[in-house]
Amino acid sequence: TDMPESWRIHKDSLYSNEMFMESDAKKLIAEAAEKFPQNPFFQHSYFKVLLQSGQNDLAFTLLDKIVTLDSGYALEYLELAETAVEKNWLDKAVALLSKAEAVYPENPFITMRKIEVMIEMKNYQETFPLIEALKKRTWSQMFYPQMAENLNAMDEYVHNPPVSESHSSEK
């Protein structure tokens, strides 16, 4: 059948993957990414290949490009941030959450997660403006009846952490 080249490559890569011809699938995905640099689907597929092969720096650079093509792919930042937290790469997690925050500024829960990670890092002072911004938002009493109380408690904690913990921001 006559189909666009991009569809053919996609079909062939899916077939190769299903037939356990992983190297063929990876080659086809790389070919598609090269031939169709403005296609976020092919770029994202290649991003996954790069991650699987341990080429993380190249993968993260590509992800930034993909997000400029289609902001929906910024959800990857959130998944990767959670993976970074699991591996205790907290600086990387904060950087990824900051990227997601820039794409989805209307989503306060990204900022909240970033604050949680920063607290884990004991970067208390850096959380002050973030918490203040969240406190200024309008929160639905129906859906978030405890939000003001929770934010006040968070604010109190970062301004007065337990004595056994030191402020990493203070030298």
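Q: Is Lys-135 buried, partly exposed or exposed, and how do I read that off?
A: Keep in mind that this is a predicted model. The general idea is that buried means under 20% relative accessible area and exposed means over 50%, with partly exposed in between. Lys-135 comes out at 31%, so it counts as partly exposed.

Q: Which residue does the side chain of Lys-135 meet in a salt bridge?
A: For a salt bridge, look for a side-chain nitrogen of Lys or Arg within 4 Å of a carboxyl oxygen of Asp or Glu. Here the partner of Lys-135 is Glu-132, with N to O at 3.6 Å. Glu-132 is partly exposed too, because its relative accessible area is 32%.

Q: Where do Lys-135 and Glu-132 sit relative to each other along the helix?
A: They're three residues apart in helix α8, so about one helical turn separates them.

Q: How many salt bridges does the count come to?
A: Eight salt bridges. One of them joins Glu-101 to Lys-114, where the closest N and O atoms are 2.7 Å apart. Glu-101 lies in helix α6 (residues 90–103) and Lys-114 in helix α7, so the pair ties together parts that are 13 residues apart in sequence.

Q: Are Glu-101 and Lys-114 buried or exposed?
A: Glu-101 is buried, and Lys-114 is as well.

Q: What does the side chain of Thr-111 make a polar contact with?
A: The side chain of Glu-101, at 2.6 Å. Thr-111 itself is in helix α7 (residues 108–120), and a relative accessible area of 10% is why it's called buried. If you skip the neighbours within four places in sequence, Thr-111 is in contact with Glu-101, Leu-130 and Leu-134.

Q: What describes a pair of aromatic rings?
A: Searching the whole structure gives six aromatic pairs. In one of them, Tyr-124 and Tyr-157 have ring centres 6.1 Å apart and planes at 70 degrees, so the pair is edge-to-face. Tyr-124 belongs to helix α8 and Tyr-157 to helix α9, so to speak distant parts of the chain, 33 residues apart.

Q: Are Tyr-124 and Tyr-157 buried or partly exposed?
A: One of each. Tyr-124 is buried, at a relative accessible area of 0%, while Tyr-157 reaches 31% and is partly exposed.

Q: Which residues do ring pairs link into a cluster?
A: Phe-36, Phe-41 and Phe-42.

Q: Which residues form a nonpolar patch on the surface?
A: Phe-109, Met-142, Phe-143 and Tyr-144 do, and together they have about 470 Å² of accessible area. Take Phe-143 as the case to inspect: it lies in the loop between α8 (124–136) and α9 (147–159). Its relative accessibility is 62%, so Phe-143 counts as exposed.

Technical notes
Residues are numbered from 1 along each chain as its sequence is written. This is a predicted model: local features need pLDDT of at least 70, side-chain atom pairs count only at pLDDT 80 or more; totals for chains, interfaces and linings use all residues. Side-chain values use heavy atoms; hydrogens and water are left out. Patches are made of residues with over 30% relative accessible area and no salt bridge: like charges are joined within 9 Å, nonpolar side chains (Val, Leu, Ile, Met, Phe, Trp, Tyr) within 5 Å. Accessible areas come from the Shrake-Rupley method with a 1.4 Å probe; for residues, only the protein chains shown count as cover. Helices (H or I, at least four residues) and strands (E, at least two) are DSSP runs, numbered from the N terminus. Buried means under 20% relative accessible area, exposed over 50%, partly exposed in between (1.4 Å probe, protein chains only). A polar contact is a pair of N or O atoms within 3.5 Å; within protein, one must be able to donate a hydrogen and the other to accept it, and residues adjacent in sequence count only if both atoms are side-chain atoms. Contact means heavy atoms within 4.5 Å. Rings of Phe, Tyr and Trp (its six-membered ring) pair if their centres lie within 6.5 Å; planes under 30 degrees apart count as stacked, over 60 as edge-to-face and the rest as tilted.
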